[in-house]
Amino acid sequence: MTSAPTRAERARRPLRGAGRTLGRPTPADLTAGMVTGLFSIPEGMAYASIAGFNPVAGLYAGVVPPILGSLTAPTVLMVTTLTSAIALTGQSVLADAGLDPHDAGNVAALTVLVGVVMLLMGLLRLGVVLSFVSNAVMVGFSTGIALQIITGVLEDATGYQPHGHNKLAQLANWLGHLPDWQLSTTLVAAATVAVWALARTVRRLEPVALLVAMVTVSLAVAVLGTDVELVRDIADIPAALPGFTAPSLDAVPHLAGGAVSVALVALAQAAGIAPSMPNPDGSRSGVNGDFLSQGVANVGGGLFQALPSGGSLSRTGVAASAGARTRWAGVVSGVFLALVVLLCGSLAERIPMPVIGGLILVVGGELIWGKRADILLVLRTSKLSTTAMAATFLATTQLPLQQAIVIGAVLSLLLYCVQAARRAHFTALVRDDDGRWTTAPVPERLPAGAVTVLEYEGSSLFAELPTLRTRLPDPAGARDAVLVLVVRTAPDIPSSAILKALRRYTDTLHREGGRLVLAGVQPALADLLRRTGLREHLGADAVTPAEGPLLAPLDRARDDGLHWIARRRAARDPSDGGPSGGGDDGAP
């Protein structure tokens, strides 16, 4: 009989809510949440302002969405809020629809629609599509997003707005105009980075280094009276919580298509968070669950004046750098931001923008630095993977994100097809005198009057057709020959192009007086062969099911092939007692 748990043991047990383990908040989570909440004030307002929205809507995107997203997301540390890419894409959608981005009803309609699209994608389990995106493509995409985070705050950090048609051009322009940097702004940003670096050298201050840098440099700017841009120069922070706002129903038909684009941009950004920020508790993330959590966050946030939101790599990086260990860090960030807005909005307005710029540079730099091992791995893997990574990085930094996503998906598909084609191969199997099967080279021509056994390995994609055509033995002159093709590892539903190629090879073999036998056929594949008519086309007893011991179907197919050859020879010459010439063991 087990004893009842003590109060301490009950306290250590994780709470559960919304199907997710909530855990207990730690002091580090509280600190990380406070830091992330403070970051949401200038960063959210800046992103909204850059995209032409009301800056306060960007501020409110840091209240409800992080709370709902953190409570429901399987990726524990993911913070759901506004990002620069989402803001810019959302503004483009409203502009294309001819709608005012400052109208609260239009913003609510767009945000709620984005949430509905995310919920549908999660419910339909379309997250599996992202599992086909190669690691090389994801590394290039994540690194490009990190560079976008850096280029997005260069003006805040130095007072110089870089020019250029893409992020790399803007970075080059920024570096090339060093004399145009504002001295006071640059010094404040540099001091922020220096204080952060010094704080990290103290072990007890390392988890709160971002907060220490923010508070210390902000106080120094206020005391010294340094002339730099403050949060209040972007917009006033109202001392009120976001109120309920009904979506404009008239705007919905005009925004439905654009909402899909915004959702794809948000989900693609969030897809790079789970690999970059694994769950500290060791639990597994889930893409479909992340889709659902972001959908909930947008539907709830859209009703309370928030702009469209998604998993933010920069805000998640801030939380992780500040020591976040559970999902409570995201919850605390939303609650703390609401309290700051309600009680201390005037103080938050005094945060210098160069401080935020300096700290975001740190976060972006850490994200890129954290990818160095993945980048080196891709570089050492293959030239093809390196090309895919570089192409995705360039697309992310030079094209709109919705286009970069499509390019990344196409590159992943091409990589998959090329790798599948390379993987496909045949191995000849020969049974020795002791009854053991050993491997042998695949014969160039199918030997007449013998049973040849080939094992097929591949994914049965159309990309494998060149391999099938060039590596299958030439059936010319293969009279009384039997080719046993072992397909035990073949997928249940191969490409129709592969089935068509097998049918043609079977026809050629039949014209030469031979036959093709499929051995180790799984039930689903057997049913498919029956439905497509290929089983009947192969002939009676030409499909050996995968039953019994591992090699039993192979033995049966070989023995049946020998008997078939013997019957054909006996039918032509009754004095011939069966196959001869040593070819019956499968050797060429």
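**Entry 1. Terms and overall picture**

I call a residue buried when its relative accessible area is under 20%, exposed when it is over 50%, and partly exposed in between. By this cut-off I recorded Arg431 as buried, because its relative accessibility is 19%. I note that the model is a predicted one.

I looked up the protein chain as a whole before turning to single residues. The protein chain holds 25 helices and ten strands. It has 588 residues, of which 51% count as buried. I found an accessible surface of about 26,400 Å², and 60% of this surface belongs to carbon and sulfur atoms. I also looked up the contacts with a separation of 6 or more: residues 24 or more positions apart account for 82% of them.

**Entry 2. Helix 9**

I asked which residues of helix 9 are buried. In this helix, which runs over residues 167-176, they are Gln170, Asn173 and Trp174. These residues lie on the same side of helix 9, because they cover an arc of only 100° around the axis. I recalled that an α-helix has 3.6 residues a turn, so residues three or four places apart point the same way.

On the other side of helix 9, I found Leu175 and Gly176 exposed. I then looked up what the buried residues of helix 9 pack against, and the partners are helix 7 (135-151) and helix 8 (154-158).

**Entry 3. A nonpolar patch and a buried threonine**

I looked for nonpolar side chains on the surface. Val116, Leu120, Leu123, Leu124 and Leu126 form a nonpolar patch there, and together they have about 470 Å² of accessible area. Of these, I looked up Val116 in detail. Val116 belongs to helix 6, residues 104-123. Its relative accessible area is 35%, and Val116 is therefore partly exposed.

I next turned to Thr192, which is in helix 10 (residues 183-201). Is Thr192 buried or exposed? Thr192 is buried, and its relative accessible area is 0%. Leaving aside residues up to four places away in sequence, I found that Thr192 touches Ala213, Val217, Pro354, Val355 and Leu359.

**Entry 4. Positive phi values**

I looked up phi at two loop residues. Gln305 has a phi near 65°, which is a positive value in a residue other than glycine. Gln305 sits in the loop between helix 14 (287-302) and strand 4 (310-311). With 30% relative accessibility, Gln305 is partly exposed.

Asp480 has a phi near 60°, again a positive value in a residue other than glycine. Its place is the loop between helix 21 (465-471) and strand 8 (482-486). Asp480 is buried, at 3% relative accessibility.

**Entry 5. Salt bridges**

Side chains of opposite charge can pair when their charged atoms come close. How many salt bridges are there? The count comes to eleven, and I examined some of them.

Glu366 and Arg200 meet through their side chains in a salt bridge, at 3.9 Å from N to O. Glu366 is in helix 17 (residues 353-370) and Arg200 is in helix 10, so the pair ties together parts that are 166 residues apart in sequence. Glu366 is partly exposed at 25% relative accessible area, and Arg200 is partly exposed at 30%.

Asp555 forms a salt bridge with Arg431, and their closest N and O atoms are 3.1 Å apart. Asp555 lies in helix 25 (residues 552-572) and Arg431 in strand 5 (residues 425-431), so this pair ties together parts that are 124 residues apart in sequence. Asp555 is partly exposed, with a relative accessible area of 23%, whereas Arg431 is buried at 19%.

I then looked up a pair within one helix. Asp527 and Arg531 form a salt bridge, with the closest N and O atoms 2.4 Å apart. The two residues are four residues apart in helix 23 (residues 523-532), and so about one helical turn separates them. Asp527 is partly exposed at 28% relative accessible area, while Arg531 is exposed at 52% relative accessibility. Finally, I noted that salt bridges with shared partners join Arg431, Asp555, Arg558 and Asp559 into one network.

How values were computed: Residues numbered from 1 in each chain as written. Predicted model: local features only at pLDDT ≥ 70, side-chain atom pairs only at ≥ 80, totals over all residues. Heavy atoms only, no water. Buried < 20%, exposed > 50% of the residue type's maximum accessible area, 1.4 Å probe, protein only. Arc of directions from axis to C-beta. Contact = heavy atoms within 4.5 Å. Patch = residues over 30% accessible without salt bridge, like charges linked within 9 Å, V, L, I, M, F, W, Y side chains within 5 Å. Areas by Shrake-Rupley, 256 points an atom, 1.4 Å probe, with all protein chains shown as cover. Salt bridge = Lys/Arg side-chain N within 4 Å of Asp/Glu carboxyl O.
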